[in-house]
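Here are my notes on the model you sent over, point by point. Have it open beside you as you read.

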Amino acid sequence: GWSLRRFAEGDGFPVYAVESRGAKRDAAPAIYLSAGIHGDEPAATEALVTWAQRRARLLSRTRFLIFPCLNPWGLQNNCRHNASGLDLN
């Protein structure tokens, strides 16, 4: 009951979204979760993915929109900023 889609591109890297499909889109508001804003903090990205995987069946009862890594360039380069040197916070 989950889908993975390429949502956008940032600094030449794809940004993916994971969305639960269990609840109808119009029936319930989505709960938004994201991680990976600071690429030098990879534990948050890994933790969010692991947390969602372990609870996938339970989470599919509600609409979730999950962005596990909002700064893939920073993750790849172990950097807090994006490729332009901006702190995304």
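Predicted model: local features only at pLDDT ≥ 70, side-chain atom pairs only at ≥ 80, totals over all residues.

1. Cysteine 79 is accordingly in no disulfide, and the count for the structure is zero.

2. The nonpolar core. The largest one has six residues: Ala35, Leu48, Ala52, Leu59, Phe64 and Ile66. Helix H1 (42-54) and strand S4 (64-67) are the elements that give two or more residues to this core. Have a look at alanine 52 in particular: setting aside neighbours within four places in sequence, alanine 52 is in contact with Leu59 and Ile66. As background, nonpolar side chains tend to be buried together in soluble globular proteins.

3. Aromatic pairs. There are two of them. In one, the ring centres of phenylalanine 7 and phenylalanine 67 are 4.9 Å apart with the planes at 85°, so I'd call this pair edge-to-face. Phenylalanine 7 sits in strand S1 (residues 2-10) and phenylalanine 67 in strand S4, so the pair ties together parts that are 60 residues apart in sequence.

4. The tilted pair. Tyrosine 32 also pairs with phenylalanine 67, with ring centres 5.7 Å apart and planes at 50°, so this pair counts as tilted. Here the link runs between strand S3 (residues 31-34), which holds tyrosine 32, and strand S4, with the two residues 35 apart. Tyrosine 32 is partly exposed, at 46% relative accessible area. Taken together, Phe7, Tyr32 and Phe67 make one aromatic cluster.

5. The structure has five salt bridges, and the one I'd check is between glutamate 19 and arginine 63, whose closest N and O atoms are 3.7 Å apart. Glutamate 19 is in strand S2 (residues 13-20) and arginine 63 is in the loop between helix H2 (56-59) and S4, a separation of 44 residues. Arg5 joins Glu19 and Arg63 in a network of salt bridges.

6. Other salt bridges. Glutamate 41 and arginine 80 meet at 3.7 Å, N to O. This bridge links the loop between S3 and H1, where glutamate 41 lies, to the segment after helix H3 (72-77), where arginine 80 lies, 39 residues away. Both ends are partly exposed, with glutamate 41 at 42% and arginine 80 at 30%. There is also a bridge between glutamate 9 and arginine 6, at 3.0 Å from N to O; glutamate 9 is exposed, at 55%.

How values were computed:
Residues numbered from 1 in each chain as written. Heavy atoms only, no water. Core = buried A, V, L, I, M, F, W, Y, C linked by side-chain atoms within 4.5 Å. Buried < 20%, exposed > 50% of the residue type's maximum accessible area, 1.4 Å probe, protein only. Helix = DSSP H or I, 4+ residues; strand = E, 2+ residues; numbered from the N terminus. Contact = heavy atoms within 4.5 Å. Disulfide = S-S within 2.5 Å. Phe/Tyr/Trp six-rings, centres within 6.5 Å; stacked < 30°, edge-to-face > 60°. Salt bridge = Lys/Arg side-chain N within 4 Å of Asp/Glu carboxyl O.
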